[in-house]
Amino acid sequence: MPDTQDRYDDEYKRKFLVVVDESPECAKAVTFAALRVRRTGGTVVLLSIIEPDNFQHWLGVEEVMRAEAYENIEALQARYAANIAAFGSINVERVIREGKKTDAIEAQIAEDPAVAILVLAAADSSEGPGPLVASIAARGANAFRVPVTVVPGTISDADLAALC
């Protein structure tokens, strides 16, 4: 039987992976992950993905567009990291990947065994939960080796705090 302290040390090292983009619901996923980490320990991993179809231009233009995309993502991640810091001393990692969103998420989870939970937020829309949540849901319950938490886009920060 494993030592109890070892189990708690492993739990503290767990990571909450949040896909960070410009969507309005993204803030809910980041808030949920930050509050859970504040309460239970671990790290929030902010993952941003640059999709390859954004760079179908001449080589010189492609390089400029890629550099601009990285700058924009770094600024976005810095804003979310600052928001997380407002909750207290919470470990944050920032990751940028290129590729299709679901493939990049799957690769991040596969490459980092400490990722324990994927946190997404559903869109506040009558048109559905948003393309990323819909895409992941379509992959089925066993798409990833970790649980997926989908935070309602309509939930208030106060209600999120009460849940966590």
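In this predicted model, 77% of the contacts in the protein chain with a separation of 6 or more are accounted for by residues 24 or more positions apart. The chain comprises six helices and five strands, arranged along the sequence in the pattern α-β-α-β-α-β-α-β-α-β-α. Of its 164 residues, 41% count as buried. The chain exposes about 9300 Å², of which carbon and sulfur atoms supply 51%.

In soluble globular proteins, nonpolar side chains tend to be buried together. The largest nonpolar core in the model contains 25 residues, and the members that touch the most others are Val18, Val20, Val30, Val44, Leu46 and Val119. At least two residues of this core come from each of β1 (15-19), α2 (26-40), β2 (43-50), α3 (59-85) and β4 (115-121). The greatest contribution is that of α2, with eight residues. A second, separate core has 18 residues, including Val19, Ile109, Leu118 and Phe144.

The surroundings of Val119 were examined with its neighbours within four places in sequence left aside. On this basis, Val119 is in contact with Phe16, Leu17, Val18, Val19, Ala29, Phe32, Ala33, Thr149 and Val151. Among these partners, Ala29, Phe32 and Ala33 are also listed among the buried residues of α2.

Helix α2 has 15 residues and reaches 21 Å from its first C-alpha to its last, close to the 21 Å expected at 1.5 Å a residue. The helix is mostly covered, with 11 of its 15 residues buried. The buried positions are Cys26, Lys28, Ala29, Val30, Thr31, Phe32, Ala33, Ala34, Leu35, Arg36 and Val37. Just after α2, Gly41 adopts a positive phi of about 90 degrees.

Helix α5 (residues 131-138) was considered next. Its buried residues are Leu132, Val133 and Ile136. Seen down the axis of α5, these residues fall within an arc of 95 degrees, so they line one face of the helix. An α-helix has 3.6 residues a turn, so residues three or four places apart point the same way. The exposed residues Pro131 and Ala138 are carried on the face of α5 turned away from its buried side. The packing partners of the buried residues of α5 are β1, α4 (101-111), β4 and β5 (148-151).

Technical notes
Residues are numbered from 1 along each chain as its sequence is written. This is a predicted model: local features need pLDDT of at least 70, side-chain atom pairs count only at pLDDT 80 or more; totals for chains, interfaces and linings use all residues. Side-chain values use heavy atoms; hydrogens and water are left out. A nonpolar core is a set of buried Ala, Val, Leu, Ile, Met, Phe, Trp, Tyr and Cys residues joined through side-chain atoms within 4.5 Å. Buried means under 20% relative accessible area, exposed over 50%, partly exposed in between (1.4 Å probe, protein chains only). Helices (H or I, at least four residues) and strands (E, at least two) are DSSP runs, numbered from the N terminus. Contact means heavy atoms within 4.5 Å. The arc is that of the directions from the helix axis to the C-beta atoms. Accessible areas come from the Shrake-Rupley method with a 1.4 Å probe; for residues, only the protein chains shown count as cover. The expected span of a helix is 1.5 Å times one less than its number of residues.
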